[in-house]
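Here is a short report on one chain.

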Amino acid sequence: MEKYWNLFVSSFTDYGGYLWREILYPSWGNYFYWLIGLSLFFWLLEVVVPWRQHQAKIRQDFWLDGFYMFFNFFLFSLVGFNAISNIGVEAFNDFLALFGIENLVAFEIWSWPVWAQLLTLFVVRDFIQWNVHRLLHRSEFLWKFHKVHHSVQQMGFAAHLRFHWGETVVYRSLEYIPLAMIGFGIQDFFLVHIFATAIGHFNHANIRLPLGPLRYLFNNPQMHIWHHAKEMPRRYGANYGISLSLWDYLFGTVYMPEDGRDIALGFEEVEHYPNSFLEQQWQPFREGRPHPPRKAGLQEAEAPAAAAAVEAPPLETTPLPMNKPA
Ligand SMILES: [Zn+2]
Ligand SMILES: [Zn+2]
C-alpha cells in the first residue's frame, strides 16, 4: 500500500513541478504556450473573418470556456487526475502481473518510421474517440456529463474544451488498453496532441474556411455546428467526428441538411442549464432526468461496426506518456 501512497503523493508534486516549469520556460515543446498560441490564432481568425458576423468577438461564455480550457488541459491533472490515473495504471499493471503479463504491447510499432507511428496513433486514437463520443450520446448516464459540452449556445473556438472532467476519465480509460497495445512513447504524443487540439479549436471556431474535398477527411466548423444543433433528426445526434470527419462519412452518421450558420444550439431547455463552472461540474450528479428525447424523426440509420459514442474534446490532459489513462 505504501507504494501506492508514495505514487499518489509524488504524482501531485511531479505534476505541480511540471506545470510550473511549463509556465516559466516557453519552448516549442511546451503545451502551455501552444494552447495559448493556438487560442490566440483562432480568436484572431474569428475577429478578422467571422462566419457569424453579428456574433460578439467576446461571445457569450467566452471567459467561462477560457477557464475550461486551462482546467481541462492542466488543472484537472493537478488537482487529482494525474494521481488517480497513475495509481489506476499501477494497479492494472500489478493485476496483469498476477497472470505473468508484463505489458500489453501487441505490435512493435517503434520499429516503424516516426511518421508512420504518428499517423497510426492519430488515426487509431481518433477512431476510438469517435466511438467513445457516440457512447457519450447513447448512454443516459454519460450523456448527463456530455451535456456540459452541449450547453454551448454561442459557438466559438474556446467551446472546444468546455467539457466535464468525467469525460476525461471516460476517454482516457477506454483509450488506455488499445493504445497500450500499440505501445507509444511520450515523444510520439506531443505532435499528435497539438495537431488534434488545433483541429478541435478549428471545429468550434466562428470562421468559414471551406476545405474542399478535404472536408470528407477533416472535421470543420460547418459540419461540427450540426453536432451541436438543438434539434437533431436522430435521437442520438450525428457528426460525432473529433478530428476526422471520415468516420461519419464511412458509417453513415453525417447530418448537414443546409448551411448551419445560424441554427439554435444546445438541447431542450438549455436556457435553464446552469452557466457557472462549479454548477456545471455538479449538474450531472444531481440530474435525475432521462435522456432528453432529441426530437424524433428519422430513425438512426447507422452502419454496422462500431459500438458506441460521440464527439469531443479529446484532449491532452497530461503530457505524461503512455503509462496512464491520461
Ligand atoms: Zn457530443
Ligand atoms: Zn463540440
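In which helix is the place of His 224? His 224 sits in helix α8, residues 221-227. Helices here are DSSP runs of H or I with at least four residues, strands are E runs of at least two, and both are numbered from the N terminus.

This is a predicted model, in which local features need pLDDT of at least 70, side-chain atom pairs count only at pLDDT 80 or more, and totals for chains, interfaces and linings use all residues. Residues are numbered from 1 along each chain as its sequence is written, while chains are lettered from A and ligands numbered from 1 in the order in which they are written.

**Confidence.** The mean pLDDT (the predictor's confidence in each residue, from 0 to 100) is 81 for the chain. A score of at least 70 is reached by 81% of the residues. Residues 294-326 fall below 50, yet this stretch has 112 contacts in the model beyond near neighbours in sequence. A contact means C-beta atoms, placed from the backbone, within 7 Å.

| Element | Residues | Mean pLDDT among elements |
|---|---|---|
| Helix α1 | 2-24 | 74, the lowest |
| Helix α9 | 246-251 | 97, the highest |

**Around His 224.** His 224 is buried, because 26 other C-beta atoms lie within 10 Å. Buried takes 20 or more such atoms, exposed 12 or fewer, and partly exposed lies in between; C-beta atoms are placed from the backbone. Leaving out residues up to four places away in sequence, His 224 touches Asn 203, His 204, Asn 219 and Asn 239. His 204 is 20 residues away in sequence, and the C-alpha to C-alpha distance is 7.0 Å.

**Helix α6.** This helix runs over residues 165-182. Tyr 176 marks a kink of about 40°, shortly before Pro 178. The bend is the angle between axes fitted to the seven residues ending there and the seven starting there. Tyr 176 is also buried, as are Trp 165 and Arg 172, among others. Just after α6, Gly 183 has a positive phi of about 65°.

**Cores.** A nonpolar core is a set of buried Ala, Val, Leu, Ile, Met, Phe, Trp, Tyr and Cys residues joined through C-beta atoms within 7 Å. The largest one holds 46 residues; Met 69, Val 132, Leu 142 and Leu 161 have the most contacts inside it. Helix α3 gives the most to this core, with six residues. Another core, of five residues, lies apart, with Trp 130 and Trp 247 among them. Met 69 touches Leu 35, Ser 39, Ala 158 and Leu 161, again not counting residues up to four places away in sequence.

Note on methods. Two residues are in contact if their C-beta atoms, placed from the backbone, lie within 7 Å. The expected span of a helix is 1.5 Å times one less than its number of residues.
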